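Hi everyone, thanks for coming.

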Amino acid sequence: MKKIDAVVKPFKLDEVREALSEIGVSGLTVTEVKGFGRQKGHTELYRGAEYVVDFLPKAKIEIVVADSMVEQAIEAIVKAARTGKIGDGKIFVTSVEQVVRIRTGETDESAI
């Protein structure tokens with residue numbers, strides 16, 4: 001099993017969720033986060049005053065999938081989240097050793 005963390009632009013969240021749902025991903029966790037990469041933030045004008053926004057709003061999506069679904073999930077996320085502009089996000093894939101569904105006690109792939 002693999003855990004996929006995807007950091008995307010917030011307005012792409014619904015598209016990514018729908019794309020993952022279409023390939024059979026049944027559950028995900030979303031967190032509102034802030035960060036920056038190559039963008040290095042930007043400056044904004046508010047009531048005549050200019051100020052620097054160092055951290056930009058992002059959405060972090062976490063899913064756990066079977067090894068056989070990893071590439072399919074990555075493709076779905078990339079296709080749905082890509083705008084072609086800087087700041088589209090990143091995807092991180094890590095191994096998951098064990099999963100337990102608290103309600104039923106199911107473990108591993110039957111618990112995803």
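This is a predicted model: local features need pLDDT of at least 70, side-chain atom pairs count only at pLDDT 80 or more; totals for chains, interfaces and linings use all residues.

Residues are numbered from 1 along each chain as its sequence is written, and side-chain values use heavy atoms, with hydrogens and water left out.

Let's start with Lys12, in the loop between strand 1 (2-8) and helix 1 (13-22). Helices (H or I, at least four residues) and strands (E, at least two) are DSSP runs, numbered from the N terminus. Is Lys12 buried or exposed? Lys12 counts as buried because its relative accessibility is 11%; the buried class is under 20% relative accessible area, exposed is over 50%, and partly exposed is in between (1.4 Å probe, protein chains only).

What does Lys12 touch, leaving aside residues up to four places away in sequence? Ala80, Ala81, Arg82 and Thr83, where contact means heavy atoms within 4.5 Å.

In that loop between strand 1 and helix 1 you also find Lys9. Lys9 counts as buried, at 15% relative accessibility. Beyond residues up to four places away in sequence, Lys9 touches Lys58, Thr83, Lys85, Ile86, Gly87 and Asp88.

Now the pocket lining. Strand 2 gives the largest share of the lining of the largest pocket, 3 residues.
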